[in-house]
Amino acid sequence: MDDLLSALQAQNYRKNSIKEIANSFNLKESVLKKKYQTKFFNDIAEVIDLSHLSHKSLEEIESQLDSEELKKEFKFIKTDLKKIIEKSFYIAMTNGFTTNITEVNSGVMTANAGDSAEFIFVARAILAGFNCSSVDVRSSRYDAIIDYNNKLLRVQVKGISNGNTISFKDRDRGGVGIDHHHENNLGKRITSADCDIYVAVDKQVGLCYIIPMSWVDTLSSDTCKSINLNLVLEYKENWDIVKELVNTNL
């Protein structure tokens with residue numbers, strides 16, 4: 001690692017030099033970037049006082065409260081807020097959840113990461129108080145089932161990492177010898193015929209966007225291919241969507 005670090009220092013830590021450095025050390029650019037990120041996050045985390053950082057954050061939050069009523073509410077939750085802020089800063093300073101420290105093959109890791117998003121959602125749903133379990137049949141158009149008030153909801157789960165967009169369309173089939181233009185190999189649009197809820201899971205921190213397919217169905221064929229997360233903020237950690245869907249269909 002010392003030689004890799006020296007090479008980046010010689011380039012004044014320029015990100016656009018990573019590819020050149022990776023080639024000189026016979027490494028993949030993505031692998032080298034991950035090595036740098038891991039080291040630098042660890043280096044910074046070692047010198048940061050998270051308790052002090054949390055305290056400063058509380059001061060900033062309090063300074064933005066413009067009424068005595070809000071300040072009383074803040075005082076009521078201040079201790080709990082400090083604890084959760086400190087935990088959140090810890091996750092931030094480790095660049096989110098730990099990923100692939102065993103350096104699993106990238107193809108295998110992609111598949112495993114998809115499974116991890118599903119398991120994160122199921123765990124989060126159970127923690128939220130819902131009866132939830134994974135669906136083991138790989139060919140199924142949904143990945144999990146939520147049982148609420150004796151009603152079943154089908155859930156498709158997709159993982160997101162560094163990007164800020166989601167797609168309501170399956171990926172086209174790829175690979176050697178596959179006709180990418182054949183109808184059977186083109187990714188299909190995901191609709192309410194496939195599932196009742198689409199959940200985008202941020203694998204970095206575990207946030208869930210719980211999106212009803214009734215909303216997705218209103219999108220045009222082109223729009224559904226790529227949706228910015230800013231357009232679905234109302235569904236971010238909105239677990240009440242599950243209750244609303246069940247109650248609407250009673």
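Modeller: Contact means that heavy atoms lie within 4.5 Å of each other. Keep that in mind for packing. The model here is predicted.

Colleague: Which helices do the buried residues of α5 pack against?

Modeller: The buried residues of α5 pack against α3 (29–47) and α4 (50–63). In α5, the buried residues include F74, L81, I85 and M93.

Colleague: Where is the kink in helix α5 centred?

Modeller: The bend at a residue is the angle between two axes, one fitted to the seven residues ending there and one to the seven starting there. In α5, which spans residues 68–93, the kink is centred on K78 and amounts to about 60 degrees.

Colleague: What follows α5?

Modeller: N95 follows α5, and its phi is positive, near 60 degrees.

Colleague: Now the aromatic rings. How many aromatic pairs are there?

Modeller: Rings of Phe, Tyr and Trp pair if their centres lie within 6.5 Å. By this rule there are eight aromatic pairs. Take Y36 and F40: the ring centres are 5.9 Å apart and the planes meet at 10 degrees, so this pair is stacked. The cut-off for stacked is under 30 degrees.

Colleague: Where do Y36 and F40 sit in helix α3, and how many residues apart are they?

Modeller: The general idea is that an α-helix has 3.6 residues a turn, so residues three or four places apart point the same way. Y36 and F40 are four residues apart in helix α3, which means that about one helical turn separates them.

Colleague: Is Y36 buried or exposed?

Modeller: Buried means under 20% relative accessible area. Y36 has 3% relative accessibility, so Y36 counts as buried. F40, at 24%, counts as partly exposed.

Colleague: What kind of pair do F130 and Y148 make?

Modeller: Their ring centres are 5.6 Å apart and their planes are at 75 degrees, so the pair is edge-to-face. F130 lies in the loop between α6 (106–127) and β1 (131–134), while Y148 is in strand β2 (residues 144–148), so the pair ties together parts 18 residues apart in sequence. F130 is buried, at 8% relative accessibility.

Colleague: Which residues form one aromatic cluster?

Modeller: F121, F130, Y148 and W239 form one aromatic cluster.

Colleague: Last, the surface. Which residues form a nonpolar patch there?

Modeller: A patch takes residues with over 30% relative accessible area. Here I44, V47 and I48 form a nonpolar patch, and together they have about 260 Å² of accessible area. I44 belongs to helix α3. With a relative accessible area of 43%, I44 is partly exposed.

Note on methods. Residues are numbered from 1 along each chain as its sequence is written. This is a predicted model: local features need pLDDT of at least 70, side-chain atom pairs count only at pLDDT 80 or more; totals for chains, interfaces and linings use all residues. Side-chain values use heavy atoms; hydrogens and water are left out. Helices (H or I, at least four residues) and strands (E, at least two) are DSSP runs, numbered from the N terminus. Buried means under 20% relative accessible area, exposed over 50%, partly exposed in between (1.4 Å probe, protein chains only). Rings of Phe, Tyr and Trp (its six-membered ring) pair if their centres lie within 6.5 Å; planes under 30 degrees apart count as stacked, over 60 as edge-to-face and the rest as tilted. Patches are made of residues with over 30% relative accessible area and no salt bridge: like charges are joined within 9 Å, nonpolar side chains (Val, Leu, Ile, Met, Phe, Trp, Tyr) within 5 Å. Accessible areas come from the Shrake-Rupley method with a 1.4 Å probe; for residues, only the protein chains shown count as cover. A salt bridge is a side-chain nitrogen of Lys or Arg within 4 Å of a carboxyl oxygen of Asp or Glu.
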